[in-house]
Amino acid sequence: MSWIDAAEIAMQNLSASLGIPYDFERNESPTEQLPDTYMVYFLVDDPGSTWADGKETSHETRVQVSLFYRDKRVMLTVPKRIEDTFIAAGFSRVGSGRIPYQINTGHYGWRCDFRFYERRDRN
């Protein structure tokens, strides 16, 4: 399974169980109509990990999941659920942090980076 498939399945499961919408790369809602809570995921980088005979044989994709919320109580439970879901989907957690308060939308933010190891076909 590719990183994008694994991430999409994880996000679909999170969205369904938490009732929080998500999107790839950015939320497509107009700024004045953003949901109170939403998630976004995107590719950060995709460096090669191993090579053989001059060809890349594996890589470790880094994916970031960002959570935006207006109700600060979301921080009590949702980040742990995101981490647990992505780890169960085969990702490794590599770090998290705060996203500065968005004065234009009234959202707080949290982000977490995950790595996904994939082998490449040698064809």
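Is Glu25 buried or exposed? Glu25 is exposed, with a relative accessible area of 52%, where exposed means over 50% relative accessible area, buried under 20%, and partly exposed in between (1.4 Å probe, protein chains only). The place of this residue is in the loop between E1 and E2, and phi of Glu25 is near 75 degrees, a positive value in a residue other than glycine. Most residues other than glycine have a negative phi.

## Basis and confidence

This is a predicted model, in which local features need pLDDT of at least 70 and side-chain atom pairs count only at pLDDT 80 or more, whereas totals for chains, interfaces and linings use all residues. Residues are numbered from 1 along each chain as its sequence is written, and side-chain values use heavy atoms, with hydrogens and water left out.

The mean pLDDT of the chain, pLDDT being the predictor's confidence in each residue from 0 to 100, is 92, and 98% of the residues reach 70 or more. Confidence is lowest in strand E3 (residues 48-52), at a mean of 78, and highest in helix H2 (residues 78-88), at 97. Where pLDDT is low, the predicted coordinates should not be read in detail.

## Overall architecture

The chain has 2 helices and 6 strands, these being DSSP runs numbered from the N terminus (helices H or I, at least four residues; strands E, at least two). From the N terminus on, the elements follow the order α-β-β-β-β-α-β-β. Taken along the principal axes, the C-alpha atoms fill a box of roughly 50 × 25 × 20 Å.

Of the 123 residues of the chain, 37% count as buried. Among contacts (heavy atoms within 4.5 Å) with a separation of 6 or more, 59% come from residues 24 or more positions apart.

## Helix H1 and its buried face

Helix H1 (residues 3-18) has 16 residues and reaches 22 Å from its first C-alpha to its last, close to the 22 Å expected at 1.5 Å a residue, where the expected span is 1.5 Å times one less than the number of residues. Within H1, the residues Trp3, Ala6, Ala7, Ala10, Met11, Leu14 and Ser15 are buried. Seen down the axis of H1, these buried residues fall within an arc of 160 degrees, so they line one face of the helix; the arc is that of the directions from the helix axis to the C-beta atoms. An α-helix has 3.6 residues a turn, so residues three or four places apart point the same way.

The buried residues of H1 pack against strand E1 (22-24), strand E2 (37-45), strand E4 (55-69), H2 and strand E6 (107-119). Just after H1, Gly19 takes a positive phi of about 70 degrees.

## Helix H2 and the helix pair

In H2, the residues Val78, Pro79, Ile82, Glu83 and Phe86 are buried. Seen down the axis of H2, the buried residues fall within an arc of 140 degrees, so they line one face of the helix. What covers them includes H1, E2, E4, strand E5 (92-102) and E6. Thr77, in the loop between E4 and H2, is partly exposed, with a relative accessible area of 49%, while Gly90, which follows H2, has a positive phi near 100 degrees. Thr77 and Gly90 are 13 residues apart in sequence and 21 Å apart in space, C-alpha to C-alpha.

H1 and H2 pack at an angle of about 145 degrees, with their axes 10 Å apart; axes are lines fitted to C-alpha atoms, for helices over the stretch in contact, and angles run from 0 to 180 degrees between N-to-C directions. Ala7, Ala10, Met11, Leu14, Ser17 and Leu18 in H1 meet Val78, Arg81, Ile82, Thr85 and Phe86 in H2.

Thr37 lies in strand E2 and is buried, with a relative accessible area of 16%. Leaving aside neighbours within four places in sequence, Thr37 is in contact with Ile20, Pro21, Leu67, Phe68, Tyr69 and Val74.
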